[in-house]
Amino acid sequence: MPKSKQQKKQMVADLIDKLKKAKSLVFVNFDGLSVKEIEELRARCRSEKIDYLVIKKTLARLAFTEAGLKIDPKNFEKGVAIAFGYEDEVAPARIIETFAKQHEMLKNIGGVLENNFVDSAKIIELSKLPSRLGLLAKVVGSIQAPVSGFVNVLAGNLRGLVQVLNAIKESKS
């Protein structure tokens with residue numbers, strides 16, 4: 001059943017809201033996937049707090065224009081879905097690329113990062129980066145390494161002093 005004009009306006013308004021909140025977007029061509037495979041992809045996206053939305057290209061074009069994005073979805077082939085990343089910029093790319101490795105019919109056709117369109121090659125590169133938490137853990141580890149090394153050196157000097165004192169004590173006993 002066709003959607004009414006009011007329903008379409010609401011869909012565009014919802015999409016604009018999602019576009020403004022999202023840190024990154026990934027556009028995918030899902031033609032050829034079964035309903036079961038699409039539901040599996042949606043479940044993976046939900047588990048990572050990513051919205052997966054299929055929308056008509058004309059409605060997407062209206063929302064993109066309103067949100068200030070210079071993207072024309074008419075250039076995309078076939079059906080287009082959008083994965084929205086709200087917390088982690090890397091998560092949508094990582095999930096889409098992981099799923100695409102298992103299901104060859106799913107194709108990444110680009111995305112948006114920092115309000116700029118990026119091609120599918122950049123999305124693939126982005127998917128190879130660790131998550132935000134992983135990057136933060138690496139930074140903390142890098143900061144902590146010199147400090148822990150310094151503590152170990154100081155502890156080594158104290159251990160040596162204690163061993164010398166023990167040796168003196170035992171030689172006098």
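Contact here means heavy atoms within 4.5 Å. Helices (H or I, at least four residues) and strands (E, at least two) are DSSP runs, numbered from the N terminus. The model is predicted: local features need pLDDT of at least 70, side-chain atom pairs count only at pLDDT 80 or more, and totals for chains, interfaces and linings use all residues. Residues are numbered from 1 along each chain as its sequence is written, and side-chain values use heavy atoms, with hydrogens and water left out.

**View 1. Helix H4 meets helix H5.** From H4, the contact takes in Ala93, Arg94 and Glu97. From H5, Ile123, Ile124, Leu126 and Ser127 take part. By class, this contact has 4 nonpolar, 1 polar and 2 charged residues. Ala, Val, Leu, Ile, Met, Phe, Trp, Tyr, Cys and Pro count as nonpolar; Asp, Glu, Lys and Arg as charged; the others, Gly among them, as polar. H5 spans residues 120-127, and its axis comes within 8 Å of that of H4, crossing at roughly 100°. Axes are lines fitted to C-alpha atoms, for helices over the stretch in contact, and angles run from 0 to 180 degrees between N-to-C directions. H4 and H5 are therefore roughly perpendicular to each other. Angles under 35 degrees count as roughly parallel, over 145 as roughly antiparallel, 65 to 115 as roughly perpendicular and the rest as oblique.

**View 2. Helix H2 packs with H4.** H2 covers residues 35-47. The two axes lie 10 Å apart, at an angle of about 150°. H2 and H4 are therefore roughly antiparallel to each other. Their crossing is right-handed. A crossing is left-handed if the near helix is turned anticlockwise from the far one by less than a right angle, and right-handed if clockwise. H2 brings Glu37, Glu40, Leu41, Arg44 and Cys45 to the contact, and H4 brings Ile95, Ile96, Thr98, Phe99 and Gln102. These residues divide into 5 nonpolar, 2 polar and 3 charged.

**View 3. Helix H1 crosses helix H3.** H1 runs over residues 5-21. The axes of H1 and H3 come within 9 Å and cross at roughly 50°. The pair is therefore oblique. H1 passes H3 in a right-handed crossing. On the H1 side are Lys8, Met11, Val12, Leu15, Ile16 and Leu19. On the H3 side are Leu59, Ala60, Leu62, Ala63, Phe64, Glu66 and Ala67. The contact of H1 with H3 holds 11 nonpolar, no polar and 2 charged residues.

**View 4. The largest cavity holds about 50 Å³ of space.** On a 1 Å grid over the protein atoms alone, a cavity is a set of points where a 1.4 Å probe fits but cannot get out, and a pocket is an open set with protein on both sides within 12 Å along at least five of seven lines; lining residues have an atom within 4 Å of a point. Phe27, Ile55, Lys56, Lys57, Ala60, Phe64, Pro73, Phe76, Val80 and Ile82 line the cavity. H3 (57-67) and strand S3 (80-85) each supply at least two of the lining residues. H3 gives the most, with 3 residues. The lining has 8 nonpolar, no polar and 2 charged residues.

**View 5. The largest pocket holds about 180 Å³ of space.** Of its 13 lining residues, Glu48, Glu87, Asp88, Ala91 and Arg132 are the closest to its centre. H4 (91-102) and helix H6 (132-172) each supply at least two residues of the lining. H4 has the largest share, 3 residues. By class, the pocket lining has 5 nonpolar, 2 polar and 6 charged residues.

Note on methods:
Points joined across faces, edges and corners; volume = space filled by probe spheres on them.
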